[in-house]
Amino acid sequence: MSAGAFTRALAAKAVAAVLARGQTLDTALETLLGGTDQDVRQLPDRDRAQVRALAFGAVRSHHRHRALLNEVLDRPLKPGDCTLEALLSVGLFQLADPEQPDHAAVSATVAATRLLGLERAAGLVNASLRRYQREAPGLLDRLRADPAGWYSHPAWLLDRLRADWPDHWQEIAAANQRHPPLWLRVNRNRASVRDYAARLAAELGLSATPLPGFPDALKLESAVPVERLPGFAEGQVSVQDAASQLAAQLLAPEQGMRVLDACAAPGGKTAHLLEYAGGQLDLTALDISGSRLTRVESNLRRLGLRATVLVGDATEPATWWDGRPFYRILVDAPCTATGVMRRHPDIKLLRRVEDVPGLVSRQRLLLERLWPLLGPGGKLLYSTCSLLRAENQGLVVDFLAAGAAQLEPGTTAPGLQLLPGNRDTDGFYYALMVAATRDRATG
């Protein structure tokens, strides 16, 4: 068994799990690479990295690959041919991506058919990939007439992006296709950004860049496993995109404040809020998923921080709230996650246009149910990692129109939208709202 064929077969299995079973790519890869199969367990680190690179690349460009397959195949694939479609996508990614060595891409991908029980399709795989090699310029040129194929996004999402961001949608689509950097959050209570960057250079030879306006953020020019980061185990640094780090800065909790992180898992923003106030907050980390809250608890232990970790539905405060007001509330709402597709390209395959209305309804319900928990003068920060106005500006404008809330004085426009790729961050939305001092929180 050649290593090249084996890594391609594993990558195809991961991609097929996304296509056929709706798994996230992270879950599919974790299941494959962390399982009990002896051959997989003995894979060297470089081959494991190759499996991940192939799977992520195939998923990131899968809409383009589907369009190309329509051109190079004599007959369309059957609906049940998910593993074959996944393998062809892996092969096309290798041939199209300049960073992937393609000298043995076709032969290794053909050899992977045997490992996947697709021996009968070996000729089809060989012919399709060879045809792409011969005709790539013309095939790609024809894709310009198919926006979903050219930009490698689902058509419904491109329509939404064009409508919401008429001057930026092409830049957004291009940014979503780029590999994201590794952003770090330096624990301000343990080190300065400058000192930690110097430590990275001295100990690992890594270059790291700060970002003006994001005081705890460092961008690594070359990604490394987190366990290799100096001081990671001791809580000196965490992995968190710079755009996500704005939450603590905007809420600016003061020491001793009672704070609610209403949708806390996996806990990056929870920890940053605590770090921002030197660990001196009465903070409740709430999430509807008990299993996801174990990640929050693990992060807090590593960082030496304390919070009340609570399983509960944020839209049903009567089941968990003790009646005492909060003076800072973070509502990091569940959303389409269309701002983080460069990190999670499977979103383009898993998210559907019909998901949007249900998410907007829950987002609005979260605001309506949590707003009364604010004390006089308290602040609520509404946040999503979405790019869709329906989940962001549109929702906040409607909520403000109801009269209960007002934007933080001095805030212009209905919130702040960061677009993916702008300053090399993810796409995030924030709206900071403040309760009038005469208001009283009610249950």
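Which side chain makes a polar contact with the side chain of Asp261? Thr270 does, at 2.5 Å. A polar contact here is a pair of N or O atoms within 3.5 Å; within protein, one must be able to donate a hydrogen and the other to accept it, and residues adjacent in sequence count only if both atoms are side-chain atoms.

Some ground rules. This is a predicted model, in which local features need pLDDT of at least 70 and side-chain atom pairs count only at pLDDT 80 or more, while totals for chains, interfaces and linings use all residues. Residues are numbered from 1 along each chain as its sequence is written, and side-chain values use heavy atoms, with hydrogens and water left out.

Back to Asp261. Asp261 sits in strand S5, residues 258-261. Helices (H or I, at least four residues) and strands (E, at least two) are DSSP runs, numbered from the N terminus. Asp261 is buried and has no salt bridge. Buried means under 20% relative accessible area, exposed means over 50%, and partly exposed is in between (1.4 Å probe, protein chains only). A salt bridge is a side-chain nitrogen of Lys or Arg within 4 Å of a carboxyl oxygen of Asp or Glu. The nearest side chain of opposite charge to Asp261 is Lys269, 7.6 Å away. For charge, Lys and Arg count as positive and Asp and Glu as negative; His and the chain ends are not counted. Beyond four places in sequence, Asp261 is in contact with Lys269, Thr270, Thr284, Ala285, Leu286 and Leu330. Contact means heavy atoms within 4.5 Å.

Now to the salt bridges. Side chains of opposite charge can pair when their charged atoms come close. How many salt bridges does the structure hold? It holds 24.

First, Arg52 and Asp26, at 4.0 Å, N to O. Arg52 lies in helix H4 (residues 45-60) and Asp26 in helix H2 (residues 25-33), so the pair ties together parts that are 26 residues apart in sequence. Arg52 is partly exposed, at 36% relative accessible area. Asp26 is partly exposed too, at 33%.

Next, Arg131 and Glu135, at 3.2 Å, N to O. Both are in helix H8 (residues 122-142), four residues apart, or about one helical turn. Arg131 is partly exposed at 22%. Glu135 is partly exposed at 28%.

Then Asp426 and Arg342, at 2.9 Å, N to O. This pair links distant parts of the chain, 84 residues apart. Asp426 is in the loop between strand S11 (416-418) and strand S12 (428-434). Arg342 is in the loop between strand S8 (326-332) and helix H16 (347-350). Are these two buried or exposed? Asp426 is buried, with a relative accessible area of 3%. Arg342 is buried, at 2%. There is a network here as well: salt bridges that share partners join Lys219, Asp241, Arg342, Arg343, Asp424 and Asp426.

Lys379 is in strand S9, residues 374-384. Lys379 is buried, at 18% relative accessible area. Its C-alpha atom is 8.8 Å from that of Phe326, 53 residues apart along the chain. Contacts of Lys379 beyond four places in sequence include Tyr327, Arg328, Ile329, Glu408 and Met433.

Next, helix H5, residues 62-72. Its buried residues are His62, His63, His65, Ala67, Leu68, Leu69 and Val72. What covers them includes helix H1 (3-21), H4, helix H6 (82-96), H8, helix H9 (147-151) and H16.

On a 1 Å grid over the protein atoms alone, a cavity is a set of points where a 1.4 Å probe fits but cannot get out. A pocket is an open set with protein on both sides within 12 Å along at least five of seven lines. Lining residues have an atom within 4 Å of a point. Grid points are joined across faces, edges and corners, and a volume is the space filled by probe spheres set on the points.

The count is one cavity of 30 Å³ or more. The largest cavity has a volume of about 50 Å³. Its lining is Arg188, Phe214, Pro215, Asp216, Gln245, Ala248, Gln249, His272 and Tyr276. Strand S3 (214-220), helix H13 (246-251) and helix H14 (268-276) each give two or more residues to that lining. S3 gives the most, with three.

The second largest pocket holds about 360 Å³. Of the 14 residues that line this pocket, the closest to its centre are Leu73, Arg75, Pro76, Leu77 and Leu124. H8 gives the largest share of this lining, four residues.
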